[in-house]
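Where is there open space in this model, and what surrounds it? The paragraphs below take the pockets in turn and then a contact between helices.

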Amino acid sequence: MEIFKPDYTMIDSMIFFPALILSLFVRRNYFQLLKSIAIVSPLYLFWDFLATWKDSWSFNPKYVMGIYVINLPMEEVMFFLVTPFATLLIFDFVMNSVRDREVKWVQKVIITTIPLLIITLPFVFNYSYTFIDFLYLIMSFIISLLIARDLLVSRNFWIFIGLSYIPFLLFDYFLTSDPVVIYGPNSILGIRFITIPVEDFIYSFSMLTLYTVFYTRGNQLWMKAR
(Lines give C-alpha, C1' and ligand atoms only; values in the text may rest on other atoms or scores of the structure.)
Protein backbone atom coordinates (compact mmCIF):
# COMPACT_ATOMS: atom_id res chain seq x y z
CA MET A 1 0.00 0.00 0.00
CA GLU A 2 1.40 3.39 -1.00
CA ILE A 3 2.19 5.72 1.91
CA PHE A 4 0.51 9.13 1.79
CA LYS A 5 3.09 11.67 0.59
CA PRO A 6 1.75 15.23 0.41
CA ASP A 7 3.44 17.72 -1.88
CA TYR A 8 4.69 21.05 -0.52
CA THR A 9 1.56 22.96 -1.56
CA MET A 10 -0.57 20.50 0.38
CA ILE A 11 1.68 20.82 3.44
CA ASP A 12 1.35 24.62 3.38
CA SER A 13 -2.43 24.24 3.07
CA MET A 14 -2.55 21.78 5.96
CA ILE A 15 -0.77 24.37 8.10
CA PHE A 16 -2.76 27.41 6.99
CA PHE A 17 -6.43 26.49 6.61
CA PRO A 18 -7.03 24.85 10.02
CA ALA A 19 -5.36 27.88 11.63
CA LEU A 20 -7.54 30.22 9.57
CA ILE A 21 -10.70 28.52 10.84
CA LEU A 22 -9.49 28.42 14.46
CA SER A 23 -8.52 32.11 14.27
CA LEU A 24 -12.25 32.90 14.27
CA PHE A 25 -12.41 31.73 17.87
CA VAL A 26 -9.18 33.22 19.31
CA ARG A 27 -8.33 36.88 19.91
CA ARG A 28 -5.49 37.91 17.61
CA ASN A 29 -3.60 41.12 16.88
CA TYR A 30 -3.24 41.01 13.10
CA PHE A 31 -1.26 44.24 12.89
CA GLN A 32 1.39 42.81 15.21
CA LEU A 33 1.30 39.52 13.32
CA LEU A 34 2.02 41.26 10.01
CA LYS A 35 4.77 43.32 11.63
CA SER A 36 6.42 40.19 13.01
CA ILE A 37 6.27 38.45 9.63
CA ALA A 38 7.65 41.52 7.87
CA ILE A 39 10.65 41.69 10.21
CA VAL A 40 11.54 38.03 10.75
CA SER A 41 10.63 36.28 7.49
CA PRO A 42 13.24 38.17 5.38
CA LEU A 43 15.97 37.01 7.79
CA TYR A 44 15.11 33.37 7.17
CA LEU A 45 14.38 33.82 3.48
CA PHE A 46 17.85 35.35 3.05
CA TRP A 47 19.35 32.30 4.75
CA ASP A 48 17.18 30.07 2.58
CA PHE A 49 18.34 31.74 -0.64
CA LEU A 50 22.00 31.37 0.34
CA ALA A 51 21.59 27.78 1.58
CA THR A 52 19.89 26.71 -1.64
CA TRP A 53 22.49 28.52 -3.72
CA LYS A 54 25.32 26.81 -1.78
CA ASP A 55 23.59 23.40 -1.90
CA SER A 56 23.12 23.14 1.86
CA TRP A 57 19.68 21.93 0.88
CA SER A 58 17.49 21.71 -2.19
CA PHE A 59 13.87 21.03 -3.04
CA ASN A 60 12.66 17.89 -4.73
CA PRO A 61 11.03 18.99 -8.04
CA LYS A 62 8.63 16.06 -7.67
CA TYR A 63 6.88 17.77 -4.76
CA VAL A 64 6.77 21.45 -5.83
CA MET A 65 4.75 23.26 -8.51
CA GLY A 66 7.80 24.57 -10.34
CA ILE A 67 7.14 28.29 -9.71
CA TYR A 68 10.28 29.87 -8.26
CA VAL A 69 11.20 33.13 -6.53
CA ILE A 70 14.85 33.38 -7.58
CA ASN A 71 15.96 29.89 -6.48
CA LEU A 72 13.20 29.09 -3.98
CA PRO A 73 9.94 27.31 -4.85
CA MET A 74 6.86 29.43 -4.21
CA GLU A 75 5.77 26.92 -1.56
CA GLU A 76 8.93 27.60 0.46
CA VAL A 77 8.28 31.35 0.38
CA MET A 78 4.69 30.74 1.49
CA PHE A 79 6.01 28.61 4.34
CA PHE A 80 7.35 31.78 5.99
CA LEU A 81 3.88 33.31 5.88
CA VAL A 82 1.70 30.37 6.89
CA THR A 83 4.01 29.13 9.67
CA PRO A 84 3.91 32.27 11.85
CA PHE A 85 0.21 32.69 11.11
CA ALA A 86 -0.49 29.19 12.40
CA THR A 87 2.04 28.83 15.21
CA LEU A 88 1.40 32.23 16.79
CA LEU A 89 -2.22 31.14 17.01
CA ILE A 90 -0.97 28.61 19.57
CA PHE A 91 0.74 31.46 21.44
CA ASP A 92 -2.47 33.50 21.43
CA PHE A 93 -4.44 30.53 22.69
CA VAL A 94 -1.98 29.89 25.53
CA MET A 95 -1.86 33.56 26.54
CA ASN A 96 -5.66 33.80 26.54
CA SER A 97 -6.25 30.52 28.34
CA VAL A 98 -3.40 29.88 30.80
CA ARG A 99 -2.41 31.98 33.80
CA ASP A 100 1.18 33.08 33.27
CA ARG A 101 4.02 33.27 35.75
CA GLU A 102 7.71 34.10 35.71
CA VAL A 103 10.41 31.45 35.44
CA LYS A 104 13.40 33.62 36.29
CA TRP A 105 16.10 30.91 36.15
CA VAL A 106 15.57 30.50 32.39
CA GLN A 107 17.27 33.83 31.71
CA LYS A 108 20.42 32.71 33.54
CA VAL A 109 20.48 29.47 31.56
CA ILE A 110 20.25 31.37 28.28
CA ILE A 111 23.00 33.83 29.29
CA THR A 112 25.21 30.85 30.10
CA THR A 113 24.29 29.03 26.89
CA ILE A 114 25.29 31.85 24.53
CA PRO A 115 29.10 31.66 25.17
CA LEU A 116 28.91 27.86 25.04
CA LEU A 117 27.33 28.07 21.60
CA ILE A 118 29.99 30.55 20.46
CA ILE A 119 32.74 28.18 21.64
CA THR A 120 31.07 25.35 19.69
CA LEU A 121 30.98 27.27 16.37
CA PRO A 122 34.50 26.30 15.17
CA PHE A 123 33.65 22.61 15.68
CA VAL A 124 30.60 22.76 13.41
CA PHE A 125 32.01 25.18 10.85
CA ASN A 126 32.25 22.47 8.17
CA TYR A 127 28.54 21.66 8.53
CA SER A 128 26.88 24.56 6.76
CA TYR A 129 23.34 24.10 8.10
CA THR A 130 24.49 23.37 11.65
CA PHE A 131 26.84 26.37 11.69
CA ILE A 132 24.24 28.89 10.50
CA ASP A 133 21.68 27.26 12.77
CA PHE A 134 23.87 28.04 15.78
CA LEU A 135 24.45 31.62 14.57
CA TYR A 136 20.72 32.24 14.26
CA LEU A 137 20.07 30.62 17.65
CA ILE A 138 22.64 32.95 19.22
CA MET A 139 21.04 35.89 17.43
CA SER A 140 17.57 34.94 18.66
CA PHE A 141 18.82 34.69 22.24
CA ILE A 142 20.63 38.05 22.11
CA ILE A 143 17.69 39.90 20.53
CA SER A 144 15.32 38.36 23.08
CA LEU A 145 17.58 39.41 25.97
CA LEU A 146 17.83 42.94 24.60
CA ILE A 147 14.18 43.68 23.86
CA ALA A 148 12.04 40.90 25.30
CA ARG A 149 13.44 39.58 28.58
CA ASP A 150 9.92 39.36 29.94
CA LEU A 151 9.13 36.86 27.18
CA LEU A 152 12.05 34.60 28.08
CA VAL A 153 10.91 34.36 31.71
CA SER A 154 7.28 33.76 30.73
CA ARG A 155 6.16 30.22 31.51
CA ASN A 156 3.49 30.57 28.84
CA PHE A 157 6.15 31.22 26.20
CA TRP A 158 7.80 27.88 26.98
CA ILE A 159 4.42 26.14 27.04
CA PHE A 160 3.84 27.60 23.58
CA ILE A 161 7.25 26.40 22.34
CA GLY A 162 6.53 22.92 23.64
CA LEU A 163 3.11 22.80 21.99
CA SER A 164 4.50 24.14 18.72
CA TYR A 165 6.68 21.06 18.38
CA ILE A 166 3.59 18.87 18.04
CA PRO A 167 2.62 20.17 14.56
CA PHE A 168 6.33 20.64 13.81
CA LEU A 169 6.93 16.90 14.16
CA LEU A 170 4.09 16.10 11.78
CA PHE A 171 4.85 18.60 9.03
CA ASP A 172 8.63 18.34 9.22
CA TYR A 173 8.27 14.59 8.98
CA PHE A 174 6.41 15.07 5.68
CA LEU A 175 9.08 17.51 4.46
CA THR A 176 12.00 15.22 5.31
CA SER A 177 10.53 11.77 4.62
CA ASP A 178 9.19 12.30 1.09
CA PRO A 179 11.65 14.06 0.93
CA VAL A 180 10.51 17.51 -0.12
CA VAL A 181 13.74 18.97 1.30
CA ILE A 182 17.02 17.27 0.40
CA TYR A 183 20.08 18.09 2.51
CA GLY A 184 23.42 18.48 0.79
CA PRO A 185 26.67 16.71 1.72
CA ASN A 186 28.34 18.08 4.86
CA SER A 187 25.40 20.34 5.64
CA ILE A 188 24.10 18.49 8.72
CA LEU A 189 25.60 16.39 11.51
CA GLY A 190 23.47 13.42 10.51
CA ILE A 191 21.69 13.10 13.86
CA ARG A 192 17.99 12.58 13.18
CA PHE A 193 14.77 12.00 15.06
CA ILE A 194 12.99 9.56 12.75
CA THR A 195 13.68 11.48 9.50
CA ILE A 196 14.04 14.97 11.01
CA PRO A 197 17.59 16.38 11.41
CA VAL A 198 18.36 17.74 14.87
CA GLU A 199 19.17 21.05 13.15
CA ASP A 200 15.50 21.47 12.22
CA PHE A 201 14.54 21.53 15.91
CA ILE A 202 17.01 24.36 16.52
CA TYR A 203 15.88 26.16 13.36
CA SER A 204 12.25 26.01 14.47
CA PHE A 205 13.09 27.28 17.95
CA SER A 206 15.10 30.30 16.80
CA MET A 207 12.53 31.22 14.16
CA LEU A 208 9.51 30.94 16.46
CA THR A 209 11.33 32.82 19.21
CA LEU A 210 11.99 35.77 16.91
CA TYR A 211 8.46 35.72 15.49
CA THR A 212 7.10 35.79 19.03
CA VAL A 213 9.48 38.54 20.18
CA PHE A 214 8.29 40.94 17.48
CA TYR A 215 4.70 39.80 17.80
CA THR A 216 4.60 40.64 21.51
CA ARG A 217 6.37 44.00 21.29
CA GLY A 218 3.52 46.51 21.51
CA ASN A 219 0.87 43.79 21.51
CA GLN A 220 -1.80 44.93 23.95
CA LEU A 221 -3.25 41.42 24.20
CA TRP A 222 0.11 40.21 25.46
CA MET A 223 0.42 43.05 27.96
CA LYS A 224 -3.12 42.51 29.18
CA ALA A 225 -2.49 38.79 29.63
CA ARG A 226 0.65 39.57 31.62
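Helices here are DSSP runs of H or I with at least four residues, numbered from the N terminus. The model is a predicted one.

In the second largest pocket, helix H2 (30–53) and helix H5 (128–147) each contribute at least two residues to the lining. This pocket has a volume of about 180 Å³. Its lining includes Phe-46, Trp-47 and Leu-50, as well as Ser-128, Phe-131 and Ile-132. By class, the lining of the second largest pocket holds seven nonpolar residues, two polar and one charged.

H3 provides the largest share, eight residues. The lining of the largest pocket is made up of 24 nonpolar, four polar and three charged residues.

H3 and H7 also meet each other. Their axes come within 9 Å and cross at roughly 140°. Angles over 145 degrees would count as roughly antiparallel, so the two helices are oblique to each other. The crossing of H3 past H7 is right-handed. On the H3 side, the contact is formed by Thr-87, Leu-88, Ile-90, Phe-91, Val-94 and Met-95, and on the H7 side by Asn-156, Ile-159, Phe-160, Leu-163, Ser-164 and Pro-167.

Technical notes:
Residues numbered from 1 in each chain as written. Predicted model: local features only at pLDDT ≥ 70, side-chain atom pairs only at ≥ 80, totals over all residues. Heavy atoms only, no water. Nonpolar A, V, L, I, M, F, W, Y, C, P; charged D, E, K, R; others polar. 1 Å grid on protein atoms, 1.4 Å probe; cavity = no way out; pocket = protein on both sides within 12 Å on 5 of 7 lines; lining within 4 Å. Points joined across faces, edges and corners; volume = space filled by probe spheres on them. Axes fitted to C-alpha atoms, helices over the stretch in contact; angles between N-to-C directions. Parallel < 35°, antiparallel > 145°, perpendicular 65-115°, else oblique. Left-handed = near helix turned anticlockwise from the far one by under 90°. Contact = heavy atoms within 4.5 Å.
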